[in-house]
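Here is a short report on one protein model. It moves from the sheet to the cores, then to a helix and a few loop residues.

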Amino acid sequence: MANVLLVCGSGASSGFMAAAGRKAAKRTNSSVVFKARSDSELEDFLEGNDLLLIAPHLKYMVTDIEPEAKAHNVKIAVIPQAVYGSLDGMGLVKFAEEQLK
């Protein structure tokens, strides 16, 4: 099982994206578990995750987050705009699985 944390500005759109990812993961028997939080909660919820996926509009945060993510052995990636904008749960699962390799 791999824990993936999605982050956006308020947590709303990442919540919808995580829900789409959970549905797709269930349909494909993927072992990826998606959770969502706002960027202001990131430090409190980073530990215990394998991958941090950042909303495309927050990609500027990657450089600032990298040191803490590395300290917790959490990989970071920016969700592709095409996946995020269309709430493509299947695309999210595939993207997360690629990042976790």
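## The sheet

L5 has L52 as its bridge partner in β3. Strands β1 and β3 pair in the parallel sense over four bridges. Two strands count as paired if DSSP finds at least two bridges between them. Helices (H or I, at least four residues) and strands (E, at least two) are DSSP runs, numbered from the N terminus. This is a predicted model: local features need pLDDT of at least 70, side-chain atom pairs count only at pLDDT 80 or more, and totals for chains, interfaces and linings use all residues. Residues are numbered from 1 along each chain as its sequence is written, and side-chain values use heavy atoms, with hydrogens and water left out.

Four strands form an open sheet in the order β2-β1-β3-β4, with parallel pairing. The edge strands are β2 and β4, and each pairs on one side only. Neighbouring strands of this sheet are turned by 25 degrees against each other on average, direction ignored. Strands of a sheet pair through backbone hydrogen bonds, either parallel or antiparallel.

## Strand β3 and its neighbours

On its other pairing, β3 meets β4 in the parallel sense, over four bridges. L51 stands opposite K75 in β4. I54 has V78 of β4 as its bridge partner. Helix α3 (residues 62-71) packs on the sheet and touches β3 and β4. Its direction makes about 160 degrees with that of β4. Axes here are lines fitted to C-alpha atoms, for helices over the stretch in contact, and angles run from 0 to 180 degrees between N-to-C directions.

Which way do the residues of β3 point? L51 and L53 point one way, L52 and I54 the other, and all are buried. Buried means under 20% relative accessible area, exposed over 50%, and partly exposed in between (1.4 Å probe, protein chains only). In a regular strand the side chains alternate between the two faces of the sheet.

The largest nonpolar core has 21 residues, of which V4, L6, F34, L53 and L92 touch the most other members. At least two residues of this core come from each of β1, α1, β2, β3, α4 and α5. Helix α1 gives the most, with five residues. A second, separate core of 12 residues includes L46, I54, V62 and A69. A nonpolar core is a set of buried Ala, Val, Leu, Ile, Met, Phe, Trp, Tyr and Cys residues joined through side-chain atoms within 4.5 Å.

What does L6 touch? Leaving aside neighbours within four places in sequence, the contacts of L6 include M17, F34, L53, I79 and L92. Contact means heavy atoms within 4.5 Å.

## Helix α5 and its cap

Helix α5 (residues 89-100) has 12 residues. From first C-alpha to last it reaches 16 Å, close to the 16 Å expected at 1.5 Å a residue. The expected span is 1.5 Å times one less than the number of residues. The buried residues of α5 are G89, G91, L92, V93, F95 and A96. Among the elements covering them are β1 (2-8), α1 (12-28) and β2 (32-38).

D88 sits in the loop between α4 and α5. D88 caps the N-terminal end of α5: a side-chain oxygen lies 3.3 Å from the backbone nitrogen of M90. The D88 side chain also reaches the backbone nitrogen of G91 at 2.8 Å. A polar contact is a pair of N or O atoms within 3.5 Å; within protein, one must be able to donate a hydrogen and the other to accept it, and residues adjacent in sequence count only if both atoms are side-chain atoms. D88 counts as partly exposed because its relative accessibility is 30%. Beyond four places in sequence, D88 is in contact with M17 and V83.

## Two buried loop residues

I79 lies in the loop between β4 and α4. I79 counts as buried because its relative accessibility is 2%. The C-alpha atoms of I79 and L6 are separated by 8.8 Å, although the two are 73 residues apart along the chain. Not counting residues up to four places away in sequence, I79 touches L6, L53, I54, A55, P56, Y84, L92 and F95.

S30 is found in the loop between α1 and β2. Why does S30 count as buried? Its relative accessibility is 16%. A polar atom of the S30 side chain lies 3.2 Å from the backbone nitrogen of V32. S30 also touches A25, V93 and E97, not counting residues up to four places away in sequence.
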